[in-house]
Number of protein chains: 2
Amino acid sequence: MAPRVTIIDIARAAGVSKSTVSIVLTGSGRVSPETADAVRAAMRDLGYVYNRGAANLRNPKSHVVGMVINDLSNPFFAELAIGIERVLRTSGYIPFMANTAESLLRQSEVVRSMREHGASGIILCPTADSTGREINELAELGMPIVLAIRRVAGARVSLVASDNRAGSAAAARHLLALGHRRIGYVGGMARMAVRQDRIAGFSEALAAASVAIDPTRMIECAPTKDAGFVAMSALLAQPNRPTAVMCFNDVVAIGAMLAITRHGLTPGVDIAVVGFDDTSEARHASPALTTVSVGAGDLGERAGQMLLRQISGAATGPETHIGEARLVVRESCGAPAQSRDVA
Amino acid sequence: MAPRVTIIDIARAAGVSKSTVSIVLTGSGRVSPETADAVRAAMRDLGYVYNRGAANLRNPKSHVVGMVINDLSNPFFAELAIGIERVLRTSGYIPFMANTAESLLRQSEVVRSMREHGASGIILCPTADSTGREINELAELGMPIVLAIRRVAGARVSLVASDNRAGSAAAARHLLALGHRRIGYVGGMARMAVRQDRIAGFSEALAAASVAIDPTRMIECAPTKDAGFVAMSALLAQPNRPTAVMCFNDVVAIGAMLAITRHGLTPGVDIAVVGFDDTSEARHASPALTTVSVGAGDLGERAGQMLLRQISGAATGPETHIGEARLVVRESCGAPAQSRDVA
DNA sequence: TCGAAAACATGAAGCGATTTAATTAGTGCT
DNA sequence: AGCACTAATTAAATCGCTTCATGTTTTCGA
């Protein structure tokens, strides 16, 4: 292990003081072009690696921000993360990402670690079991923070999310218009605010059509494909099964469609299925999934911008952006198979 | 912005010296239980945040490792990343992830940033245009590094990848056995070693069956769904179009199937399609995609373990793990639609 | 030719932690 | 009581870098 090269080594090699090297490094202050070149040459020759930790010690403004994603295996969150990265990076920030896999413990670890490393802000897609208390604690300690996608009850911080209520209501109205009356809801955990919002929209639409909700057709499950499969299978085992299901999100919907197929039925023909998110998987599923598009990448960019505003101090308090949710009708509700919106 | 709380504040609050606080923090040395409790209480009360940068200054061993992913929107890499994380995290390391979106510039930035932050190792899924020189430079400077998935010509570092040659050969033999003779290859850039390996297997199988390769049916394109769509469209516009195509990976294959559908043909009936990777999207595509399974999560875990060995010094030199590649036959090659392997 | 203002360069202090050697207090034994 | 030892605690040096006040030159108008 070669001993670390420091600015002192560079200074010696370039025949200047370490102050001068530092000025070249940071671009603060004036330095003659020749000197600067000599310093840069020395850095190249010696294989110098800047020590950000040491720098931040003296000058505690870092350009690192953290992105904490709850489920990277869900393409929706992957797209969101990419949108966030796009914005932050073009603004000169280095976004570091971590996946919590829906574990609150991991989330705390990761957030702590990011704070310890001097992140100047965090974008958090909270785990399903996050509470407002934890999040407020963070914010109160002066860490700029933006919640993405998942509202958390009681959290008084900035939020970027989609209009879950309106989106779900639109999807439910679509199913009602197609004549469905026995409609189930699959996925999400009851404690998740997002699920509450989506179910509120669902209920609202059903109530407006004077259709009663049967609580036995509301199945909770984790927002994953496998859990969706299991939950849908349970629903299918019930007597008097629904003719349509709304799913918490696309991955649950895809799991549900799989279960329907396994049960010897055809999604879109025997049972209508609607998802939420409009991931690329939804477009390419079989049948193509009717879903609610929220623009994952755009939401990510919004979240990035919002965080930058928080960090720069331009934001006076917590902001909220609720993105539009648009129903995208494809084949999984009985639309003709020649597809209206495949790309 | 509250002034930062340091161990000096903790020391004062707990009525001890900062050395004692440090000992409590690191667990080095002996300290009486009462003192330790007092210190911990003070940390809690004051909202202390450990400053890793300062600590690493004096004691330069960090538990941070970097994962650099070339395309997070490809579910294959997402699964890989999750596998890596699983291993590293259970070994007490904090993996920070960054997405390069196939940009070599971003890759250099990200790698540099990780070095500057004192990462003790890096797992790199290199961009398509990475060269051995850059990677060797990193390694020679003493940074433990493991290349994942993508071999880079000339790089003398550890590697975890799949048996691209054998996997492609098996897929090609499958197409040949189904009677196909005009077989195209879609996707990947010619400069990518992975593509070369996969095409080697493809060529080998065709040669063994005395089937000639038509270079006009070998279409390069970026490994994305959109590029696959465009490339396949070009192939379909040719006279005497192929009856089967092997694709560089699953996302290209899904794009290709979409192009086939758009062209008024049916993938799996009019044109056989094979992918590579076996992502979950392949299983749920329509028709379900015949592909080569490489076990993304497992490869990720291997890569994580290999990096840990490099960091601990247990590895004497660069290691290589080539994971098995297994053909998974589904419907996109003409198998009956009632599916053999859907889950 | 002189003095003021620019333009560069540097020495020393300090950021928040770790670490080593030194100090203090406590214990058992003769 | 005196001595040897151990356990608990601490002072001081140090890690790599930034910053500010303080030189040291240069430049240039009058």
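Which backbone atom lies 3.0 Å from a base nitrogen of DNA strand D?

## Contacts with DNA strand D

It is a backbone N or O atom of A54(A), a polar contact (a pair of N or O atoms within 3.5 Å). K18(A) places a polar side-chain atom 2.6 Å from a base nitrogen of DNA strand D. From chain B, a backbone N or O atom of S17(B) lies 2.8 Å from a phosphate oxygen of DNA strand D. Elements giving two or more residues to the surface near DNA strand D are α2 (18-26) and α4 (52-58), in chain A and in chain B; helices are DSSP runs of H or I with at least four residues, and strands are runs of E with at least two, numbered from the N terminus.

## Basis of the model

The model is predicted, with local features needing pLDDT of at least 70 and side-chain atom pairs pLDDT 80 or more, while totals for chains, interfaces and linings use all residues. Residues are numbered from 1 along each chain as its sequence is written, chains are lettered from A and ligands numbered from 1 in the order written, and side-chain values use heavy atoms, without hydrogens and water.

## Sheet in chain A

Chain A has an open sheet of 4 strands in the order β7-β6-β8-β9, with parallel pairing; strands pair if DSSP finds at least two bridges between them. β7 (218-219) and β9 (272-274) of chain A are at the edges with a single partner strand each, so one side of each has no neighbour in the sheet. β8 (residues 244-247) of chain A pairs with β9(A) over 3 bridges, and M246(A) has V274(A) as its bridge partner in β9(A).

Definitions and conventions:
Polar contact = N/O pair within 3.5 Å; in protein donor to acceptor, adjacent residues only side chain to side chain.
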